[in-house]
Amino acid sequence: MTEFQRICLVHYHEIGLKGHNRSTFEMRLLKNLEALLSDFDVVTIHRISGRLCVFLREGTDWETEKRCADFIRKVPGVARVSSGYKCERDLAQMEQAALAAMADVDDFTSFKVQARRNHTDFEVGSMDMNRIIGAALCEAHPEKQVQMKNPDVVVGVEVVQNAAYVYARSVRGVGGLPVGSSGKVACLLSSGIDSPVATWRMARRGAVCIGVHFSGRPQTSDTSEYLVDDIAHVLERTGCIGRVYVVPFGDYQREISLTVPPQLRVIMYRRLMFKVAQEIAHREGAKALVTGESLGQVASQTLDNIRCTDAAVDMPVFRPLIGTDKLEIIDMAQQVGTFEISSQDAPDCCTLFMPRNPETHAQLEDVLEAESALPVDQWVSELADAAEPHDYKCPGYKKKKPR
């Protein structure tokens, strides 16, 4: 059998709906894949007729190609990845490539051929290609059944201007938009379950994410910082986070706890956190804040308390998990790969100096009155200056040039 070059054909959905700027989104996804696939033997990546094609080095085996496809599927912007071969626009070669692609697939009983040509200069139409290639597969595998609706395997054949691409194994991707196509956001990132998922969901919408982690240091240990670093390393595998700022917040929480009425402490902590995150966002050129809040999940996440914390800043605050429950968030965390890390216990600022009975329906007037006793502007500047940046691999992230 002729040796064909192995390829991973990257399909996208949402990018295909774009108008005149579609090529910008395609190139962003292409650049992301080029950077993120550095550990694989990739020769080049090309745009071909509404797809991206990842060409693997000669001699790449099936297991490596499969691992590459399984990696690509997790990159935001990818709707589906098909593993297969490139061959010449020759029916005999297409038949051989289809046999090779089918041989790569795990156990199955039914299949169909789905061919299309993107250029009419190829004389054989799609229906004829289905029939001819399907007949060759039936002859080679008489034990397999042709099934037009919901087959176990779809053998895809795509004929473009100068080549044909044949594949049989397709895996679903995470979808969305490529990171770097929707601006930059600053995410309040704890070592818990929710905020890493919220960060990932924003990255999946094309945003470059900057994490801001408020550590209880020096009032608590720095364990949460190590967990956040582990979380960031998971997110960076697919280019979903560019930088994390660690803010030593413990001493300021202590000052708030000594000054503010106990029931308002949580609101005051969060207002200060929002203000510091906004200052860091301004310095980074980010246009919005992101939190992992879910409506009603804890005392700080009631409508009244959310209103009081939002009033601390003047930039948009996105809450991608606001309508989800804990079980849904846990399921997403397991898919992203952060759940095991987030499940580890670590003292952090969220549990530091917590009141016994926090206010669940704070009034903004009361909050502002209590806050007036604090040197908030000075603290915001001090905390933003003290924030410690840690960089991660994100092709879409560009450091903001100092003014």
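Let me start with Arg270: at 14% relative accessibility, this residue counts as buried (under 20% relative accessible area; exposed is over 50%, partly exposed in between, with a 1.4 Å probe and protein chains only). This is a predicted model, where local features need pLDDT of at least 70, side-chain atom pairs count only at pLDDT 80 or more, and totals for chains, interfaces and linings use all residues. Residues are numbered from 1 along each chain as its sequence is written, and side-chain values use heavy atoms, leaving out hydrogens and water.

Arg270 sits in helix α8, residues 265–284 (helices are DSSP runs of H or I, at least four residues, strands are runs of E, at least two, and both are numbered from the N terminus). Beyond its neighbours within four places in sequence, Arg270 contacts Thr291, Glu293, Ser300 and Thr309; contact means heavy atoms within 4.5 Å.

Setting aside residues up to four places away in sequence, its contacts include Pro196, His213 and Ile241.

Now the sheet. It is open, with 8 strands in the order β2-β3-β1-β4-β8-β7-β5-β6 and mixed pairing. Pairing here takes at least two DSSP bridges between two strands. β2 (42–48) and β6 (145–146) are the edges; each has a single partner strand, so one side of each lacks a neighbour in the sheet.

Strands β5 (residues 110–117) and β7 (residues 153–159) pair in the parallel sense over 7 bridges. Within that pair, Val113 has Val155 of β7 as its bridge partner.
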